[in-house]
Amino acid sequence: MPPLSTRGRYIVDATGMRFKLKSGNWHGASGTWNGSGDVNDNANHHAGENSGRIPLGLDRAPIDQIVSSFREIGLNSVRLQFSDEMIGDTQPVTDGAVAANPQFKGKTPLQVYDGVVAALTGAGLAVILNNHTNTTRWCCGVDGNERWNASQSTGQWEDNWLAMVRRYRDNPLVVGADLYNEVRRDVWDDPNWGSGDEHDWFAASQHLGDRILREANPNLLIIVEGINWTGIPVDGFAHGRPTLTPARSLSHTLVASGKLVYSAHFYGYTGPNHSGATGIGETSDPRYQDLSRADLYNVLYQEAFFVSAESGQHFTAPLWISEFGVDGGAPAGSKEREWFSNFVDYLIQADADFAYWPVVGWSETRGGNNWALLFWDRNGQRSTGDGWRTDIWNRLTASGRTGVIDPVQRWSMLSPDHGDFVQSSTLRDRPDWDVGARKAACPDGQRVAGIAHTGNRGLCTDVAAAVTGYQVVTDERYVTADWASGYSKLQCPAGSYLAGYAVRGAAMSSVICAVPATPIGNGTGRTVWFDRGDNRPSGNPGGDFANGNYKGQCAAGEYAVGIAYTGRIGHSRTPDALYCRY
C-alpha cells in the first residue's frame, strides 16, 4: 500500500509494514546500441540483442505475459531504465520492435514506456524509474554517459527528471526515482562526493532529490547510488570503486525525512579496485570473485552494507543492491558460481533489498549472454534461467523480515559546506532569514542536536512538537543566565529550540529558533563545551557528523537552545559551546 517511506534501514508502506524491494531490471528503453555501426543491425547492439529503444522482449511476447512472468519468479517491483534522449525522441518505434504488442505500433519510445509502466503497475508491481543514461545507447564505459551531466547540462537533467516524475505522479505504484546509474570517471575527470564543483555527485543528487520532493511528487523514494569508479585503471595509478564509502562522513539529508534509499552495484567480474575490464583497462587488482568469502563480506560491508547495518547514524538508510547478477552458463566449480552463491548468502544475511540484472533475455543469444532469469524466443516461447541458479534465487526471494516496522529515531546531517543547506521545507518558503550568510536548518519535524567547532556541520534529530513560528536571533537579548562567561551567546527565546544556524565564512552569524505550540526545553540548562575536544553522549548517537573536527551534542531528552562563540585572539567566532535544556 503506497506511498513508501523509510524507517531506519527498512522501507515500509503506508501502514508501516515492511516492503522489501524484490526487484528485477527490465532493460532496453535506455538503449542497447554499442555506439558504432548501423543502429538497425542487431550485431551492433549489446550481446546482439536489439531492444528497439524500448524494454527488451516486446517483439517476442505480449506484455501481459512478460509481466505475469515477473510475478511468477517472485518479483514485487521493477527497476525500469530510461535515457534522457528517450524523453524527447519523436521517432516511432519500428513495427518489428513491437511485433508481439501491436497496440504499440506507431508509438514513440516514451509512449511505449508509458504502456509498460501501466502494465507493470496494473499487475500490482511497483516501478522505480531509473535514469540509466544521457543518450540512448548501451552503458557503461567511457561513452558520454559517465555522469548525469556528461552529454547535457545539470539543468537539463533536472528538468527531464521533473517531467518524468510529473508524468507518473498520479500512479501510486510508481514509487521511486533512481537518480543516475553508475556515476564514474570520464576521459579527463573523476566524479566526487562533496567538493562543490560540477562533478559533485553528492551535491547534484541532493539538489535534484529535494526538487523532486518539493516540486513534483512528495511521495517518491529518492534513490542515490554510490560512485562507481574513480581514477585511471592502470597499475601504478590511483583507481578504485568508492561506492557508498563517502556517505559515512557526508550523508544526504533530504527536505522530506524518510525518503532516502542508498544503492550499489556488485558483479563478480568487477572488484573494489578492478574496473571489470579484460585487456585494455584491466589491472592486477582482484575481482570480487577472486576474494575469499570472508574477505568478500568485509569489502561489501565497508563499501555499502554499513549504511543499513549500523542503526541510529546520520547515514542509516535502506540499501538496495539495484544491480547484481551472474552468467547462468558459468561452469560448475567456477569462481562465477561461487561468487554468486556467496553474494546471495550475504544479501540474505544482511536482509538487503535487491534488483537482479537482467530479467529478460533472448533465447537464441544465450550462448553468449546467459545472464537473464527469463528468455523468449522469436516464436514467443518462454524458458527460464539455468537450474543451478533456481535454488539460490528462491532462497533469496523467500528471505527477509516481514510485518510492521516500528518507528525509530531519525538522525540527519547538516552540511552547509559550499552554500545554504536549508532542509526545512517550511523555511524555504519563508524569506531569507540572514541574507548573505550560509544557512543550515533541520528538516521539518527535527531539531538541532549537535554542532561542530569548525567546519560548520551540524546534527539533527526528531522533535515531537507542532511549530507555530520561527524567531531569528542575532544578539544576546534572550540570554537569561551567563552560561558561557566571556563568550558571545545566541540563545533562543524561552520555550523554543534551535532549528538551524547561519555562518559567514567560519563565523557564527545567527540562529533560527522554532517556536512550538507548547513550550519545551524550559528545564534545567547545562553548558556543553567542545572547543578543545569532542563532548558528545556515550554511544555516539547519530554518528560522526563532522569527521576530524571537535563536536558538541546535547544528551537524549535535551534541547539545544543556544550557541556560544568568541572572537578573541586565536578564535574565529566558531561554535565553542552549546546550551542544552530539558
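**Close-up views of a predicted model**

**Figure 1. The whole chain.** The protein folds into 9 helices and 28 strands (DSSP runs numbered from the N terminus, with at least four residues of H or I for a helix and at least two of E for a strand). Its radius of gyration is 25 Å, close to the 25 Å that the globule rule gives for 582 residues, so the protein is as compact as a globular protein of that length (the radius is taken over C-alpha atoms, and the rule is 2.2 Å times the number of residues to the power 0.38). This is a predicted model, where local features need pLDDT of at least 70 and side-chain atom pairs count only at pLDDT 80 or more, while totals for chains, interfaces and linings use all residues. Residues are numbered from 1 along each chain as its sequence is written, and side-chain values use heavy atoms, with hydrogens and water left out.

**Figure 2. Arg147 pairs up with Asp186, with 2.8 Å between the closest N and O atoms (a salt bridge puts a side-chain nitrogen of Lys or Arg within 4 Å of a carboxyl oxygen of Asp or Glu). The partners sit 39 residues apart, so to speak in distant parts of the chain: Arg147 is in the loop between β5 (126-133) and α4 (154-167), and Asp186 is in the loop between β6 and α5. Val187 in its loop.** Look for Val187 in the loop between β6 (174-178) and α5 (201-216).
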